[in-house]
Amino acid sequence: MIGYNYSSTVSGCYNIGMPEGSNSVGGVCGLSTASTVTKCYNTDRVCGTEQIGGVVGRNSALTYSSDNTAFAAVKDCYNTGSVSCTITDVGGVVGSNYAYPQLGTCTVTIENCYSIGTLAGAGHNVCGVVGINYAAASGTATATVENCYYLESRAAVGTANEGAGGT
């Protein structure tokens, strides 16, 4: 539906098609930067090479100066379709959740989301809700996953690097 969502809100959208691509592919939004995606869902297959999510491929917040603050969120979303990738970072809801401040403060969050779709990936970071949850060491970064679940045997959150947390 949306290839690149920047500094805006996407709400109440859904996908019943079959998006395919290479990087940052999602059922509703491929790349969402400094934005909010809320009350959206996907019911069909999503596939690509890396950063592939049932709802959002990559959720990110970036800053480049010390007086900047960036926030990105995926809230109240779900996926029932299959999600697959050929390289890395596949999640039932979000493929990658990145807080990456060069300077300044970045916060990325995924809240109240779930996936009941099947997952497949040839590489690493293949997980039920979020493939990779990452908060960079530079600047002040926070990456959280709260009140999310996945109805399969995989973990809900993939790799958590440099202080990133998830539940």
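**A tour of strands and stacked rings**

Before I go on, a word on the source. This is a predicted model, in which local features need pLDDT of at least 70 and side-chain atom pairs count only at pLDDT 80 or more, while totals for chains, interfaces and linings use all residues. Residues are numbered from 1 along each chain as its sequence is written, and side-chain values use heavy atoms, with hydrogens and water left out.

Back to our tyrosine. Which ring does Y149 stack with? The partner is Y114: the two ring centres are 5.1 Å apart and the planes are at 5 degrees, so this pair is stacked. The rule is that rings of Phe, Tyr and Trp (its six-membered ring) pair if their centres lie within 6.5 Å; planes under 30 degrees apart are stacked, over 60 edge-to-face, and the rest tilted. The pair links distant parts of the chain, with Y114 in strand β15 (residues 114-115) and Y149 in strand β20, 35 residues apart. Strands here are DSSP runs of E with at least two residues, numbered from the N terminus. Y114 is partly exposed as well, at 24% relative accessible area.

How many aromatic pairs does the rule give? The count is six. Ring pairs also connect Y14, Y41, Y78, Y114 and Y149 into a cluster.

Five strands make an open sheet in the order β3-β7-β11-β15-β20, with parallel pairing. Two strands pair if DSSP finds at least two bridges between them. The edges are β3 (14-15) and β20 (149-150); each has a single partner strand, so one side of each has no neighbour in the sheet. β3 and strand β7 (residues 41-42) run parallel and are joined by two bridges. Y14 has Y41 in β7 as its bridge partner, and both of these tyrosines belong to the ring cluster.

There is another open sheet to look at. Five strands line up as β2-β6-β10-β14-β19, again with parallel pairing. At its edges stand β2 (9-11) and β19 (140-146), each with a single partner, so one side of each is left without a neighbour in the sheet. Let's walk across from β6. Strand β6 (residues 36-38) is joined to strand β10 (residues 69-75) by three bridges, and V37 has V74 in β10 as its bridge partner. Next, β10 pairs with β14 over seven bridges, in the parallel sense, and here F71 stands opposite T107 in β14. Finally, seven bridges join β14 (residues 105-111) to β19, where I110 has V145 as its bridge partner.

A handy general point for reading strands: in a regular strand, side chains alternate between the two faces of the sheet.

Is strand β9 mostly covered or mostly open? Strand β9 (residues 56-63) is mostly covered, with six of its eight residues buried. Strand β5 (residues 29-33) runs parallel to β9 and is joined to it by four bridges, with T33 partnered by S60 in β9. β9 also pairs in the parallel sense with β13, over seven bridges, and the bridge partner of R58 in β13 is S96. Y100 is partly exposed, at 34% relative accessibility.

Last stop: charges. In general, side chains of opposite charge can pair when their charged atoms come close. A salt bridge here is a side-chain nitrogen of Lys or Arg within 4 Å of a carboxyl oxygen of Asp or Glu, and the count by this rule is one. Which residues form it? They are E20 and R45, whose closest N and O atoms are 2.4 Å apart. E20 lies in the loop between β3 and β4 (23-26) and R45 in the loop between β7 and β8 (46-53), so the pair ties together parts that are 25 residues apart in sequence. E20 is exposed, at 52% relative accessible area, whereas R45 is partly exposed, at 30%.

Definitions and conventions
Buried < 20%, exposed > 50% of the residue type's maximum accessible area, 1.4 Å probe, protein only.
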